[in-house]
Amino acid sequence: MTAARHFADAFRPSNLTAVFDNKIRDSGAIGIDRITPHLFQKNLKSELSLIKRRAISGTYKFTAYKQKLISKGADSPPRALSIPTVRDRITLRALAEMLAKVFPDAVSEIPQTKIDRISGALQSGAYSEFVKIDLHKFYPSIPHDKLRVALRSRIRKPEILALIEKAVVTPTVPDKKGGRGAKSNSRGVPQGLAISNILAEILLLGFDKRMAAMPDVVYERYIDDVLILCKPGQASILLKKICNDLERIGLQPHPPGVDGSKTRCGGLTEEFDFLGYHCKNLRLSIRKQSVHKFESSLAGICTAYRHKLVTTKSVSEAKRALDLCEWRLNLRMTGCIFENRRLGWVFYFSQITDTSQLRAVDNTLQQLLKRFSLTSKIKVKRALKTFYESQRSMKEQHRYIPNFDSMPTAEKRRILALLSNRDISMLSDARVDELFKMHISEAVRELEEDLAALS
């Protein structure tokens, strides 16, 4: 099927409706126009008709994206995410679906799959050296001219190319500033859009295929993090060659040999990090910074409980604060299954071969409970047990880890009442499902913050 046909299918009213219902309606994200999905839904039919008409005719225009800054720690500048309006989010989602069908080989695998292959290669004993390359400001440095060439390899229709171009050049601005007078992007792809990841993958398709075809190496890349395992004497040669190839594409590898650079090579007797994992003596553990960040998030939940407790005015308010603290701690420890995805810190690090850090996290949580006088008041789950539970291949076999997709309505009502702090007894089951997804989506975003900036 041609790109034009996939494009037409993606922007059919029925598909746009499905995009809104499945991906947008229950989301709390609001663009610079401050229109919520709930408000947008009141004019849904006419709005979707407008999206289709303008996308197909090539006259669609994106509204400036709202900037959201995500902390990467005290030593790094924040990551700037772009938040589109509801209308633009629907358009970008449909566009992402089309690109995934036109470029199926550009749909990236989850990190755990790549780590699994790396782990197998390490244990095989067939490799003795590694090359580690980190790309500086990956998304902001993507060159538009090279991206256009990559897209035109499979897309000919001018309206499709124009829509992608408009999405990429639309500026991202602080909420208070607004979009008036903002300059279009001349370089880079805004982060956080539905099309951001697949556009980056499309740009590097040719590079990835050339690397994967090289004999006697194991090559893995996830976004801006590149790792190669190779035979003796190859690492330094490969490091120089790959950096040169990436620079020709227009990307900026961190220079090797510079203090603090993540780009380097060496023997497998040396330690190195990849996607938040730490490799030492051919064994995989969790990078120390990732453990510290996770433990800090647990401490933050306990601190929030103490602050809330100070302001409570009744026994019921105090009980809710305690119940909410327990629920948030347990969700952090176990993660969850939501929208058919396994989510959470322990799920992400399920490929480790050393579980001592999980025991340390469990001990840290017990110490926090003592410090905040919570030991006898709440019952918390354990990271180590979550790890062993996460090894189950069938999602329906999980008991210790909450599955929000198959949760009974009665349990959803209990959790929703806790999270929303309101009487929901008169709400229909359909409305409960809608609000439940919205609140769980917000909670899931907090889980994802524990995994931010892993490379």
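In which sense do strand 1 (residues 65-70) and strand 2 pair, and over how many bridges? In this predicted model, the two strands run antiparallel and share five bridges.

Next, the nonpolar cores.

| Core | Size | Residues named |
|---|---|---|
| Largest nonpolar core | 68 residues | Ile-90, Leu-99, Leu-151 and Ile-155, those with the most contacts inside the core |
| Second, separate core | 45 residues | Val-291, Val-361, Leu-368 and Leu-384, included in the core |

In the largest nonpolar core, helix 5 (residues 86-102) supplies the largest share, nine residues. Leaving aside residues up to four places away in sequence, Leu-151 touches Leu-99, Phe-103, Leu-161, Ile-164, Leu-199 and Ile-202.

A search of the whole structure turns up one cavity of 30 Å³ or more. The volume of the largest cavity is about 50 Å³. Its lining consists of Ile-115, Ile-118, Leu-122, Leu-227, Phe-272, Phe-274, Tyr-277, His-278, Cys-279 and Leu-284. Helix 6 (111-124), strand 8 (272-274) and strand 9 (277-280) each give two or more residues to this lining. By type, the lining residues are nine nonpolar, one polar and no charged.

Notes. Residues numbered from 1 in each chain as written. Predicted model: local features only at pLDDT ≥ 70, side-chain atom pairs only at ≥ 80, totals over all residues. Heavy atoms only, no water. 1 Å grid on protein atoms, 1.4 Å probe; cavity = no way out; pocket = protein on both sides within 12 Å on 5 of 7 lines; lining within 4 Å. Points joined across faces, edges and corners; volume = space filled by probe spheres on them. Helix = DSSP H or I, 4+ residues; strand = E, 2+ residues; numbered from the N terminus. Nonpolar A, V, L, I, M, F, W, Y, C, P; charged D, E, K, R; others polar. Pairing = 2+ DSSP bridges. Core = buried A, V, L, I, M, F, W, Y, C linked by side-chain atoms within 4.5 Å. Buried < 20%, exposed > 50% of the residue type's maximum accessible area, 1.4 Å probe, protein only. Contact = heavy atoms within 4.5 Å.
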